[in-house]
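Me: I would like to go through this model with you, one question at a time, beginning with a single residue and widening the view from there.

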Amino acid sequence: MRTTPEVQTGLPEQELIERVINIKRVSKVVKGGKRMKLSASVVVGDGNGQVGLGHGKASEVISAVRKATARAKKDMVRVSVKGRTIPHETVGKYVASRVMVKPASEGTGLIACPQVRAVLEAAGLTDALTKSLGSRNPYNTARATIEALLKLRTIDQVAAARNKPIGHLVERGARKDETAEGQAG
């Protein structure tokens, strides 16, 4: 008997955002000719800072997407978000793809290619500027975006890692600005 997540935990499964970013036909050459299959890449997120990417292959589109979605749900990771945008600029790299993600002011929207947009929307971000550099492979670009989001740290996380109060980090930045102005004037 197959058990659903609801039966296992007693709680209903949360609503997840699913975006298919790529479907392509792949072939394997065998003795009798070519075996055709379909490959699918899917991004899954809860819209609240969790996002995952999965890849699946099958002889039918529906099966490939189902496999990719299951893999994406298994590989979900939590990313740091600051309201509707990200806390600071970051660059993610995966294989030959690089993605730069910058915070944007409210109302800017997501300025990104379709693969990066799918990842950011699934993570729950609505304002960000991005630039895709290097390879444009859809799967690698989406994975590079997730790598960039994993590098993000909020000021609370940085303060906790350094065992310092948040005010200590903020004041030091303000003091540097004041001394720079004093030396210039």
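Predicted model: local features only at pLDDT ≥ 70, side-chain atom pairs only at ≥ 80, totals over all residues.

Me: Which strands are at the edges of the open sheet?
Reply: The sheet is built from four strands in the order β1-β2-β3-β4, with antiparallel pairing, where two strands pair if DSSP finds at least two bridges between them. An edge strand of this sheet pairs on one side only, and this holds for β1 (17-30) and β4 (77-78).

Me: Which residue of β4 stands opposite Gln50?
Reply: Strand β3, residues 50-58, runs antiparallel to β4 and is joined to it by two bridges. Opposite Gln50, the residue in β4 is Arg78.

Me: What angle does the direction of helix α4 make with that of β3?
Reply: Angles run from 0 to 180 degrees between N-to-C directions, with axes fitted to C-alpha atoms and, for helices, over the stretch in contact. Helix α2 (residues 61-74) lies across β1, β2 (33-45) and β3, and runs at about 145 degrees to β3. Helix α4 (residues 138-150) also packs on the sheet, where it touches β1, β2, β3 and β4, and its angle with β3 is about 155 degrees.

Me: How are α3 and α4 oriented to each other?
Reply: The axes of helix α3 (residues 114-123) and α4 come within 8 Å of each other and cross at roughly 40 degrees. The contact involves Gln115, Val116, Val119, Leu120 and Ala123 of α3, together with Pro138, Thr141, Ala142, Thr145, Ile146 and Leu149 of α4. Angles under 35 degrees count as roughly parallel, over 145 as roughly antiparallel, 65 to 115 as roughly perpendicular and the rest as oblique. The two helices α3 and α4 are therefore oblique.

Me: How many of the 10 residues of α3 are buried?
Reply: The buried residues of α3 are Gln115, Val116, Ala118, Val119, Leu120, Ala122 and Ala123. Helix α3 is thus mostly covered, and the number buried is seven.

**Loops and hairpins**

Me: Which residue in the hairpin of β5 and β6 takes a positive phi?
Reply: Strands β5 (90-94) and β6 (97-103) have a loop between them, and they pair in the antiparallel sense over five bridges, with Val91 bridged to Met100 of β6. Most residues other than glycine have a negative phi. In this hairpin, with two residues between the strands, the positive phi near 55 degrees belongs to Val95.

Me: Which residues does Ala96 touch, beyond those up to four places away in sequence?
Reply: Ala96 is in the loop between β5 and β6 and is partly exposed, at a relative accessible area of 47%. Its C-alpha atom is separated by 7.6 Å from that of Asn140, which is 44 residues away along the chain. With residues up to four places away set aside, Ala96 touches Leu133, Gly134 and Ser135.

Me: Is Asn163 buried or exposed?
Reply: Asn163 is found in the loop between α5 (155-162) and α6 (166-184), and its phi is near 60 degrees, a positive value in a residue other than glycine. With a relative accessibility of 70%, Asn163 is exposed.

**Confidence**

Me: Over which residues is the pLDDT below 50?
Reply: The predictor's confidence in each residue, from 0 to 100, is its pLDDT; the protein has a mean of 87, with 85% of its residues at 70 or more. One stretch has a pLDDT below 50, although in the model it makes five contacts beyond near neighbours in sequence, and this stretch is residues 6-11.

Terms used
Residues numbered from 1 in each chain as written. Heavy atoms only, no water. Contact = heavy atoms within 4.5 Å. Buried < 20%, exposed > 50% of the residue type's maximum accessible area, 1.4 Å probe, protein only.
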